[in-house]
Amino acid sequence: MAKPIKFDESNDNEDLQALFDSIAAGSEVPMHATKPPDPAIDASGDSDDLQALFDSVSAQVGEPTSSVAPAPAGETGSEDSSGVFSSIGQMTRELHDSLRDIGHNQALGEATRGIPDARERLSYIVQMTEQAASRALNAIEIAKPIQDALETDSAALGTRWGKVFANQLSAEEFKVLAADTQTFLSDIPKRTRATNEQLTDIMMAQDFQDLTGQVIKKVVDLVENLERQLLSVLIEAMPPEMHVEPPAGLLNGPVINANGRADVVSNQTQVDDLLESLGF
Amino acid sequence: MPDPSKIKFLVVDDFSTMRRIVRNLLKELGYTQAEEAEDGAVALQKLKGGGFDFVVSDWNMPNMDGLQLLQAVRADPTLKHLPVLMITAEAKKENIIAAAQSGASGYIVKPFTAGTLNDKLVKIFEKLEQSAA
């Protein structure tokens, strides 16, 4: 969360860094396990000054929720930077705790885990629509020549029959025409059946829409959820002074984790007891 | 105990699924007349149209939330007599106190059971009868 600060003027750089990291790492390291200002850290032996500095910094940072020991000061007297340093460590710790308490890191984690899933689903949709388009085009490519041939053949026959009625065909030619026409007519059902088959295939290819519709809905839900989580983390991450104070205080939604909270109830019995105690 | 089927409910919640659940529960308990509203503003409009005997409302809703609806109902001389039962996920003591102080007739916290709903309804009707007596 917090980035290490370049701290080049002090000997106890690494120890401070380790302390900072342990604060930022959160609850795994209970703060009372942190080394108090240790004369061994202080190369020049100014432990009284160090203690005074420690006191002033912890007064400045205020009462932490857990007993965070502010980082021991650099001995070069750069009080400002170490104050900032410990404030940042403090804020980082608080942010981590808040997020953990609210269950955000878990919820965010779940939300972001959904992203590869969303990608997969979108790929599936691309695949399905491609398949459907392909299938439809294939069917069209098969059916079209059949229709074209039907048109050509019937047109040719029609021309020949025109000649018959214009008395331009001989008896022999007429017999041939009659035979050809007979063949043509008996072939028609086969060709129209073939075309119908392709039309049915085109119809069946539309079934992708049901499947892709369902998958799209899932992706939309996923994205909305992710957006919500990110926004609320953003809001939580703002320093306390920037928080917008209630009326939203009464619009919190369901309590996710009542642990350690004295301001919420956990069941109907508690609701009833509270109301009774107030005379309602 | 008044005839359940004669009582006209207004169920207010921004989630249609929850409205459906509440309506079905009411129906099972014999309260067969119910209409719906998806937020406090729509609900207030419907109530002002008259004919309702009971309001069951969520809290967290857009446009006008449940508390605001409750307050508006209690401020309206034609509506202030209506029982308003809150059914909501809001579980802060602050919420419960605010609702009670604003004149809520009951407060059910989600998730809830059919039994709880029935208990609260019965209790509210008993109170109404007592104050009418």
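Predicted model: local features only at pLDDT ≥ 70, side-chain atom pairs only at ≥ 80, totals over all residues.
- Chain B has an open sheet of five strands, with parallel pairing, in the order β2-β1-β3-β4-β5.
- Which strands stand at the edges? They are β2 (33-37) and β5 (106-109) of chain B, and each has a single partner strand, so one side of each is left without a neighbour in the sheet.
- From one strand to the next, the twist averages 20°.
- In general, the strands of a sheet are held in pairs through backbone hydrogen bonds, parallel or antiparallel.
- In chain B, β1 (residues 8-12) pairs with β2 in the parallel sense over five bridges.
- B:Val12 stands opposite B:Ala37 in β2(B).

**The helices across it**
- Helix α3 (residues 66-75) of chain B lies across β1, β3 (54-57) and β4 (84-88) of that chain, and runs at about 175° to β4(B).
- Helix α5 (residues 114-132) of chain B lies across β4 and β5 of chain B, running at about 175° to β5(B).

**The core**
- The largest nonpolar core has 36 residues.
- Those with the most contacts inside this core include B:Tyr107, B:Met86 and B:Val12.

**The contact between chains**
- Chain A puts 16 residues into the contact, and chain B puts in 20 residues.
- On the chain A side there are eleven nonpolar, four polar and one charged residues.

Definitions and conventions:
Residues numbered from 1 in each chain as written. Chains lettered and ligands numbered in written order. Contact = placed C-beta atoms within 7 Å. Nonpolar A, V, L, I, M, F, W, Y, C, P; charged D, E, K, R; others polar. Core = buried A, V, L, I, M, F, W, Y, C linked by C-beta atoms within 7 Å. Buried ≥ 20, exposed ≤ 12 C-beta atoms within 10 Å, placed from the backbone. Pairing = 2+ DSSP bridges. Helix = DSSP H or I, 4+ residues; strand = E, 2+ residues; numbered from the N terminus. Axes fitted to C-alpha atoms, helices over the stretch in contact; angles between N-to-C directions.
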